[in-house]
Amino acid sequence: MRNRNPLTGGIALVVLGVLFLLSNHGLLPPLGSLFDRWWPLFLIVPGLLMLARRWRSPRN
């Protein structure tokens with residue numbers, strides 16, 4: 001059984017979308033170059049969190 005909140009992924013995507021929208025309208029500094037360089041972190045960090053969660057969970 002998973003204890004993860006299913007809203008977490010959706011909320012993260014909405015927040016990311018809002019940040020890019022604000023950047024496109026000039027309310028935040030341009031995020032394009034930042035995203036181009038660091039996008040793999042959006043895959044690495046969740047993967048590490050999943051591995052850590054599985055490693056800490058008791059084996060049944």
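Visitor: Which element has the lowest mean pLDDT, and which the highest?
Guide: This is a predicted model, and among its elements α2 has the lowest mean pLDDT, 77, while α3 has the highest, 82.

Visitor: And the chain average?
Guide: The protein chain averages a pLDDT of 77, with 87% of the residues scoring at least 70. Where pLDDT is low, the predicted coordinates should not be read in detail.

Visitor: How many helices and strands are there?
Guide: The chain has 3 helices and 0 strands. Along the sequence, the pattern reads α-α-α.

Visitor: How far does α1 reach?
Guide: Helix α1 covers residues 7–24, 18 residues in all, and spans 26 Å from its first C-alpha to its last. That is close to the 26 Å expected at 1.5 Å a residue.

Visitor: What follows α1?
Guide: G26 follows α1, and its phi is positive, near 80 degrees.

Visitor: Is S23 buried or exposed?
Guide: S23, which lies in helix α1, has a relative accessible area of 13%; the cut-off for buried is under 20%, so S23 counts as buried.

Visitor: What does S23 touch?
Guide: Leaving out residues up to four places away in sequence, S23 touches L28, P29, P30 and L31.

Visitor: How much of the chain is buried, then?
Guide: Buried residues are 3% of the 60 in the protein chain. The accessible surface of the chain is about 5800 Å², and 70% of that belongs to carbon and sulfur atoms.

Visitor: Different topic. Which residues form the nonpolar patch on the surface?
Guide: The patch is formed by L34, F35, W38, W39, L41, F42, L43, I44, V45, L48, L49 and L51, with about 1200 Å² of accessible area together. The elements giving two or more residues to this patch are α2 (32–38) and α3 (41–56).

Visitor: Which of them gives the most?
Guide: α3 does, with 8 residues.

How values were computed: Residues are numbered from 1 along each chain as its sequence is written. This is a predicted model: local features need pLDDT of at least 70, side-chain atom pairs count only at pLDDT 80 or more; totals for chains, interfaces and linings use all residues. Side-chain values use heavy atoms; hydrogens and water are left out. Patches are made of residues with over 30% relative accessible area and no salt bridge: like charges are joined within 9 Å, nonpolar side chains (Val, Leu, Ile, Met, Phe, Trp, Tyr) within 5 Å. Accessible areas come from the Shrake-Rupley method with a 1.4 Å probe; for residues, only the protein chains shown count as cover. A salt bridge is a side-chain nitrogen of Lys or Arg within 4 Å of a carboxyl oxygen of Asp or Glu. Helices (H or I, at least four residues) and strands (E, at least two) are DSSP runs, numbered from the N terminus. The expected span of a helix is 1.5 Å times one less than its number of residues. Buried means under 20% relative accessible area, exposed over 50%, partly exposed in between (1.4 Å probe, protein chains only). Contact means heavy atoms within 4.5 Å. pLDDT is the predictor's confidence in each residue, from 0 to 100.
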